[in-house]
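User: I would like to go through this structure step by step. Could you take my questions in turn?

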Amino acid sequence: MSEQPISALPVPEEETLDPDLQKYFRICREKLGLVPNVLRVYAFRPERLRRFIDSYNEIMLSDGPLTKLEREMIAVTVSSCNRCYYCLVAHGAAVRELSGDPTLGEALVMNYRMAPLDARQRAMLDFAWMLTAEPEQADEAARERLRAAGFSDEAIWDIAETASFFNYTNRMAHAVEMQPNADYHAMARGSEGTGDGDAPR
């Protein structure tokens, strides 16, 4: 059986990339044990890849009112709404890894409403889903529901920005038929998470 291409558009060979991108790919291998296919696909447009990395690191990894796990939960919920295969596989693995709970990652992939969430998490994911499926409903009443669940205005911004970022990445993944790394399927299936989410998926 032939290996499926990871993108419908050309994917450059790593050795043809600029030194800074080759170095970044080496760092990914050190941290994750692989180079996420999303990075290899975005390398088709190297300047876009650099901006993608910067945006990802700022939105997903910088200090802020949301935890890494909460941001990954938003990523999976948005991707579930959009049926984005790449992001469901990659970020489902991240939820399993960060939470140490393989069932949480699976529940969020399938239907976040069935996941064992507290009221704060449920309000956060309700907003992320609504912003994806019915963005015109993102009004003051929706923001007040988040405030009532304990989120500051800064946290509301971060929820919205994270959900918006993954609506963008989901659509790019659909547009180029992006395929996830096969390694993600087996990651963090046990009961212990590593807590390491410091690289794009």
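User: Where does Ser 79 lie?
Analyst: Ser 79 lies in helix 4. Helices are DSSP runs of H or I with at least four residues, numbered from the N terminus. Please note that this is a predicted model, in which local features need pLDDT of at least 70 and side-chain atom pairs count only at pLDDT 80 or more, while totals for chains, interfaces and linings use all residues. Residues are numbered from 1 along each chain as its sequence is written, and side-chain values use heavy atoms, with hydrogens and water left out.

User: Is Ser 79 buried or exposed?
Analyst: Ser 79 counts as buried because its relative accessibility is 0%. Buried means under 20% relative accessible area, exposed means over 50%, and partly exposed is in between, with a 1.4 Å probe and protein chains only.

User: What does Ser 79 touch?
Analyst: Not counting residues up to four places away in sequence, Ser 79 touches Cys 84, Cys 87, Leu 88 and Asn 170. Contact means heavy atoms within 4.5 Å. By contrast, the C-alpha atoms of Ser 79 and Glu 47 are separated by 25 Å, and these residues are 32 apart along the chain.

User: And why is helix 4 described as largely enclosed?
Analyst: Helix 4 is largely enclosed by the rest of the structure because 12 of its 15 residues are buried. Among them are Glu 70, Arg 71, Ile 74 and Asn 82. The buried residues of helix 4 pack against helix 3, helix 5, helix 6, helix 7 (119-133) and helix 9.

User: What span should helix 4 have?
Analyst: At 1.5 Å a residue, the 15 residues of helix 4 should span 21 Å, and its end C-alpha atoms are 21 Å apart, which agrees. The expected span is 1.5 Å times one less than the number of residues. After helix 4 comes Arg 83, whose phi is positive, near 55 degrees.

User: How do helix 4 and helix 6 pack?
Analyst: Helix 4 (residues 68-82) and helix 6 (residues 102-111) pack at an angle of about 35 degrees, and their axes are 7 Å apart. Axes are lines fitted to C-alpha atoms, for helices over the stretch in contact, and angles run from 0 to 180 degrees between N-to-C directions. From helix 4, Met 73, Val 76, Thr 77 and Ser 80 meet Leu 108, Val 109 and Met 110 of helix 6. By class, this contact has 5 nonpolar, 2 polar and no charged residues. Here Ala, Val, Leu, Ile, Met, Phe, Trp, Tyr, Cys and Pro count as nonpolar, Asp, Glu, Lys and Arg as charged, and the others, Gly among them, as polar.

User: New topic: how many cavities of 30 Å³ or more does a search of the whole structure find?
Analyst: The search finds 1 cavity of 30 Å³ or more. On a 1 Å grid over the protein atoms alone, a cavity is a set of points where a 1.4 Å probe fits but cannot get out, and a pocket is an open set with protein on both sides within 12 Å along at least five of seven lines; lining residues have an atom within 4 Å of a point.

User: What is the volume of the largest cavity, and which residues are closest to its centre?
Analyst: The largest cavity has a volume of about 90 Å³. Of the 13 residues that line the largest cavity, the closest to its centre are Val 38, Phe 52, Cys 87, His 91 and Thr 169. A volume is the space filled by probe spheres set on grid points, which are joined across faces, edges and corners.

User: Which helix gives the largest share of that lining?
Analyst: Helix 9 gives the largest share of the lining of the largest cavity, with 4 residues. The lining divides into 10 nonpolar, 2 polar and 1 charged.

User: What about the largest pocket, and what is its volume?
Analyst: The largest pocket has a volume of about 220 Å³. Its lining includes Glu 3, Asn 37, Tyr 85 and His 185. Asn 37 is found in helix 2 and is buried, with a relative accessible area of 5%.

Methods. Helices (H or I, at least four residues) and strands (E, at least two) are DSSP runs, numbered from the N terminus.
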